[in-house]
Amino acid sequence: MPLSGNIEWRERLSKLPVPLAVSSDPLSMSCLNSLIEEGRVSRKQGIELFQNPSLSSVTSLANMVKKSRYGNNVFFNENLHVNTTNICVLACRFCAFRKGPRHPDAYALDIDEYLDRIRPLSGSIDEVHTVGGLHPNWDVEDYCKLFSATKLEFPHIHIKALTAVEIKHLSQRSSMSVKKTLSLLSEAGLDSLPGGGAEILVDHVRDRICMGKESSREYLDIHSIAHDIGMPTNCTMLFGTVETIEDRVEHLIRLREQQDTSEGFQCFVPYPFLPDKTRLPEAQLATGSEIIRVISLSRILLDNIPHIKAYRMNIGDKLSSLALTCGADDIDGTVGHEEIMHVAGSSTRLDTSSDQLAALVSSSGSTPVKRNSNYSSFELYTTNNPTYSRVLPQIATN
Ligand code: SF4
C-alpha cells in the first residue's frame, strides 16, 4: 500500500478479517456491508450507531475502515499555530478566547510580531496555522499584507488560515464578495482554510451557542467557493454543548453532501467543548468514550472525506493515541503554540517534538508518516533518537 493510502479502500475493506465485535453486532455488520457495496451508512444507521450499547463494535468497524484506507499509517506534519488577535466583535457562548477591544488581555499582532513568532521555528516547520477573532478594524487588505510578508520571508511555509466566519467578516468589512475575498487572499499567499467554526451545522443549535455567526448554509457555501477556486479546506465539529444525537448526524451528513458536490475537504476534525464554570452551564459535556465514539462515527459516515484527525490540542495526547485505533488516521502536528484550546482549559503540551509525536503514534501500534499540508507528499518517519520509545520493564522468563 502506498504511504498516502489506498483509494480502492472498499475492496480492501471487503478482504479484511472481521473482528468478533463487528461480526456479533447486526447493526455494525449491516453498516460494513453498506460500505463495501458502495452504499452509504444512512442517517438512521448513524443515529443507531450513536445509541449502540456496544462501543467496541463501533470503534472496531471504524478501525477497519481506517485500516482499509491507510493500513497502519498515521499522518502528522510539522507546523506552528499563530493566533493573530483575540479581539472579536462576536461573543460565542462556548468561546473562552475572545476579548473585547478594551479588555486588559486583548491583543492584536502586527506583521512584525507575527513574523517574529514564525522565525524561530521556520527551519523546522512547513505550515503556519492562523485563526483569530473578528477584529473590528481589519479587512482583506490587512490580511493580504500579512500573507504577502509571510510568503516573502518564508516561501516554503504553507499558510492555512482564516475560518469561514473570518472570511465572511473580511468580505463584509471590504464590501466584496466571498469569491473575490478568497481570490485576493490566495494571490497574497493563503494556501488553504482550516475548518474551524462549523460548530454544529444546525441553525437552531447555532442560535443557542453562537448567535451572530455565519449560518450553516453560509459555512458550507464559503468552503464550497474555496473548493471552486482550487483552495482545499478542512471541516470540524464542536460537540458536547446543547446538540442532540440527531443534530450530530445531521452535521456529518451535511458535510458529506457538501463533499459530494465540491470535493475539497481534506480532513475532518471533531472536538468536544472544553467547559469552565461560566460558559454554557447547560452544556451536556462529552465523556471520553463519547469522544471516541464521535471520532469512530465520523470515520464510518464520512466515506468521502479522506482524513479524520485526532485533535490532541483539545482531547489530549492520551485520548488521541486511543483515537488512532478507533478510526482517526491523522494527528495534530508539532503545533508549538496554541491559545484557543489552552485558554479554554486544554493542558496538552506545546513543546512536543517530531520524535515525541512519532513515539505517541507508535505507542498506538501505528506507523508515523510525516506529510505536507495538502497531503501530497509523504515520508515514513524514522528517528535515531530512541529516548521517547516506551519500554516497559519485563519479568524475564526462561
Ligand atoms: S468563536 Fe470565533 S467568532 Fe466566536 S467569539 Fe470566539 S473568536 Fe469570535
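Reply: Let us begin with definitions: axes are lines fitted to C-alpha atoms, for helices over the stretch in contact, and angles run from 0 to 180 degrees between N-to-C directions. Helices (H or I, at least four residues) and strands (E, at least two) are DSSP runs, numbered from the N terminus. The model is a predicted one, in which local features need pLDDT of at least 70 and side-chain atom pairs count only at pLDDT 80 or more, while totals for chains, interfaces and linings use all residues. Residues are numbered from 1 along each chain as its sequence is written.

Me: What makes H8 roughly perpendicular to H9?
Reply: Helix H8 (residues 164-173) and helix H9 (residues 178-188) pack at an angle of about 100°, and their axes are 9 Å apart. Angles under 35 degrees count as roughly parallel, over 145 as roughly antiparallel, 65 to 115 as roughly perpendicular and the rest as oblique. The angle therefore makes H8 roughly perpendicular to H9.

Me: Which residues of H8 and H9 meet, and what is the contact made of by class?
Reply: From H8, Ile167, Lys168, Leu170 and Ser171 meet Val178, Thr181 and Leu182 of H9, where contact requires that the C-beta atoms of two residues, placed from the backbone, lie within 7 Å. By class, the contact of H8 with H9 has four nonpolar, two polar and one charged residues; here Ala, Val, Leu, Ile, Met, Phe, Trp, Tyr, Cys and Pro count as nonpolar, Asp, Glu, Lys and Arg as charged, and the others, Gly among them, as polar.

Me: Which residues surround the ligand, and how do their classes divide?
Reply: The ligand is surrounded by Cys88, Leu90, Ala91, Cys92, Cys95, Phe97, Arg98, Gly133, Leu134, Val165, Cys210 and Lys213, a residue being near a molecule if its C-beta atom, placed from the backbone, lies within 6 Å of it. Nine nonpolar, one polar and two charged residues make up this shell.

Me: Why is the protein called as compact as a globular protein of its length?
Reply: The protein has 16 helices and eleven strands. Its radius of gyration is 21 Å, close to the 21 Å that the globule rule gives for 398 residues, so the protein is as compact as a globular protein of that length. The radius is taken over C-alpha atoms, and the rule is 2.2 Å times the number of residues to the power 0.38. Along the principal axes, the C-alpha trace spans about 65 × 50 × 40 Å. Among contacts between residues at least 6 apart in sequence, 78% join residues at least 24 apart.

Me: Why is Ile157 counted as buried, and where does Ile157 lie?
Reply: A residue is buried if 20 or more other C-beta atoms lie within 10 Å of its own, exposed if 12 or fewer, and partly exposed in between, with C-beta atoms placed from the backbone. Ile157 has 21 C-beta neighbours inside 10 Å and therefore counts as buried. Ile157 lies in the loop between helix H7 (140-153) and strand E4 (158-161), and, not counting residues up to four places away in sequence, touches Ser122, Ile125, Asp126, Glu127, Val128 and Thr150. Buried residues make up 47% of the 398 residues in the protein.

Me: What makes Leu115 partly exposed?
Reply: Leu115 has 18 other C-beta atoms within 10 Å, so Leu115 is partly exposed. Leu115 is in helix H6 (residues 111-118). Leu115 and Thr150 are 35 residues apart in sequence and 6.7 Å apart in space, C-alpha to C-alpha.

Me: How do you know whether His251 is buried or exposed?
Reply: With 26 other C-beta atoms within 10 Å, His251 is buried. His251 belongs to helix H12 (residues 245-262) and touches Ile200, Leu201, Val202 and Met237, not counting residues up to four places away in sequence.

Me: What is the phi of Glu38 and of Leu162, and is each buried or exposed?
Reply: Most residues other than glycine have a negative phi. Phi of Glu38 is near 65°, a positive value in a residue other than glycine, and Leu162 has a positive phi of about 75° although it is not a glycine. Glu38 is exposed, with 8 other C-beta atoms within 10 Å, whereas Leu162 is buried, with 28. Glu38 lies in the loop between helix H3 (26-36) and helix H4 (43-51), and Leu162 in the loop between E4 and H8.
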